Amino acid sequence: MTAITQLSPRLLWQFFDTLCSIPHPSGHEAAVRQWITDWAQEQGLVTIQDTIGNLIIRKAASLGMEQRTGVILQAHMDMVPQANADISHDFTKDPILPYIEDGWVRARGTTLGADNGIGLAGCLAVLADDKVQHGPLEVLLTVDEESGMTGAFGLEPGMLQGKILLNTDSEQDGDVYMGCAGGVDANITLPYQAESVPDDHQAVHLNISGLRGGHSGININEGRASANKLLAELLNDLNEHPSIRLSELSGGTLRNAIAREANALLTLPQNAMATLTELVAARQQQYQQEFNGVDDFIHLELVPAERPQRMMTQDLQQKLSQALLACPHGMMAVSRDIADVVESSSNLGVISTEAEHIYVQCLIRSLNDTGRDRVANATAAVFRLAGAHCEFDGAYPGWQPDPQSAIMQLVCNTHKELFDLVPEVKVIHAGLECGLFKAIYPEWDMVSFGPTIQGAHSPDERVHIEAVSRFWQLLVRVLRQIPEDTAVSRKL
């Protein structure tokens with residue numbers, strides 16, 4: 001147990017502390033799912049695991065509330081695994097180490113997993129606390145949300161009985177979400193065309209580090225630097241200096257996280273080292289000025305390396321660097337219908353060098369299929385001109401806003417009652433599972449809310465302690481005020 005177990009609401013924080021102790025990155029949720037199943041069965045709760053690995057837990061209504069409309073509380077069990085370069089952490093084996101700092105909880109050098117661990121802990125706390133009043137209750141815990149929404153894709157019709165879904169995967173206290181972006185993955189491969197490294201060449205690593213990174217949806221409009229795009233600029237600089245050659249490159253680790261680090265293995269003759277050093281120094285100075293106040297710790301360095309056996313042909317190096325430079329990245333369009341909302345974006349998330357090809361992965365998001373397809377087509381065109389193969393998969397729909405949502409109105413009214421503040425109703429530029437749920441259960445009335453989480457998908461992730469308390473108060477009060485018929489809440 002850590003110090004966070006003494007925070008309020010204590011039951012929620014105790015569950016979160018336990019979650020931190022059980023490794024659960026995307027694709028490795030079995031241990032945490034088993035722990036939750038064992039705990040729920042000890043409480044006498046009904047548990048169902050579906051064929052894809054999602055977990056459903058049912059709890060009977062509080063006395064006198066049996067006729068209330070059934071509610072589904074929803075969270076996902078996986079977390080994004082990101083660590084600083086100087087941290088040795090195996091997310092499949094090592095626990096997260098949370099600590100308290102200036103009113104926030106964060107982790108030591110890694111992502112915290114507050115996204116969506118706080119929401120998950122809140123769902124379990126509702127199940128555990130018999131003082132929480134509610135109607136018929138189901139908790140839906142999905143797998144693999146962060147890397148592919150596999151759980152939401154695999155959810156079967158008829159598994160759940162409720163009519164209202166409360167999604168806990170939002171990250172701003174005081175906001176209520178009624179819609180989200182859809183998305184699609186672009187998977188790109190470019191054949192590696194090799195030449196032997198000349199005998200007079202030495203090798204050096206070009207490292208880019210110190211960037212903030214962040215969530216590729218929520219933070220995409222903030223002007224944060226992408227290490228992959230900075231690397232593309234530097235590699236494009238080298239096209240003017242053909243004696244400096246590229247052997248390997250890599251950058252980013254997740255399609256849904258803005259790349260914080262990138263690396264290129266270069267070979268060059270001794271007399272070209274001064275030129276390379278000058279180019280890197282010039283870009284370092286430029287980035288310090290360009291990203292001042294946004295990304296203040298960008299660091300470029302050259303480190304001697306062991307000479308590789310191969311390097312890219314000049315033609316491949318030029319085509320690759322230009323394709324990466326031209327690859328759509330960042331905010332592409334703003335919504336015409338909803339003020340201050342990003343419509344479409346793209347994240348150049350992952351670059352890696354394999355034995356026979358270079359692999360690139362982008363995550364394209366949009367509120368609508370038209371915007372998604374426009375950015376996807378532009379991405380494919382850029383890389384196909386370079387001779388690459390581009391495939392799209394994992395497409396998921398957005399959650400179309402419903403301004404007449406009864407549960408949204410109830411949550412807003414309850415927030416006003418509790419905190420004397422009308423929350424902002426928003427559409428989030430991130431891939432909540434609600435769009436997929438709506439396709440399977442079109443009758444559900446849905447809303448999403450959560451505490452303030454900053455730096456999600458990066459080691460800077462932190463969750464605001466007081467916001468967690470307000471999230472819990474709102475969740476408990478909303479459950480108590482669910483009417484017998486959702487039509488009643490339309491009149492509130």
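Author: Let us start with a pair of side chains: those of N263 and N207 are joined by a polar contact of 2.3 Å. A polar contact is a pair of N or O atoms within 3.5 Å; within protein, one must be able to donate a hydrogen and the other to accept it, and residues adjacent in sequence count only if both atoms are side-chain atoms. Please keep in mind that this is a predicted model, in which local features need pLDDT of at least 70 and side-chain atom pairs count only at pLDDT 80 or more, while totals for chains, interfaces and linings use all residues. Residues are numbered from 1 along each chain as its sequence is written, and side-chain values use heavy atoms, with hydrogens and water left out.

Reader: Where is N263 found, and is N263 buried or exposed?

Author: N263 is found in strand β13, residues 262–269; helices (H or I, at least four residues) and strands (E, at least two) are DSSP runs, numbered from the N terminus. With a relative accessible area of 18%, N263 is buried, where buried means under 20% relative accessible area, exposed over 50%, and partly exposed in between (1.4 Å probe, protein chains only).

Reader: Which residues touch the most other members of the largest nonpolar core?

Author: The general idea is that, in soluble globular proteins, nonpolar side chains tend to be buried together. A nonpolar core is a set of buried Ala, Val, Leu, Ile, Met, Phe, Trp, Tyr and Cys residues joined through side-chain atoms within 4.5 Å. Here the largest nonpolar core has 64 residues, of which W13, L73 and L166 touch the most other members. Helix α3, residues 114–128, gives the most to this core, with nine residues. Another core, of 54 residues, lies apart from it and has L190, L230, L234 and M312 among its members.

Reader: How many disulfides does the count come to?

Author: A disulfide is a covalent bond between the sulfur atoms of two cysteines. With the rule that a pair of cysteine sulfur atoms must lie within 2.5 Å, the count comes to zero disulfides. C327 is in no disulfide, and its nearest cysteine sulfur, that of C362, is 3.7 Å away. C327 is buried, with a relative accessible area of 2%.

Reader: How many aromatic pairs does a search of the whole structure find?

Author: Rings of Phe, Tyr and Trp (its six-membered ring) pair if their centres lie within 6.5 Å; planes under 30 degrees apart count as stacked, over 60 as edge-to-face and the rest as tilted. The search finds seven aromatic pairs. One of the pairs is Y287 with F291, whose ring centres are 6.2 Å apart and whose planes stand at 55°, so this pair is tilted. The rings of Y441 and W444, by contrast, have their centres 4.2 Å apart and their planes at 5°, so that pair is stacked.

Reader: Which residues have a positive phi, and where do they lie?

Author: Most residues other than glycine have a negative phi, and most peptide bonds are trans. D102 has a positive phi, near 50°, and lies in the loop between β4 (98–101) and β5 (104–107), where D102 is exposed, with a relative accessible area of 73%. H457 also has a positive phi, of about 70°, and is found in the loop between β22 (453–454) and β23 (462–464), but H457 counts as buried, at 2% relative accessibility. As for peptide bonds, a cis one joins S8 and P9, with omega about 5°.
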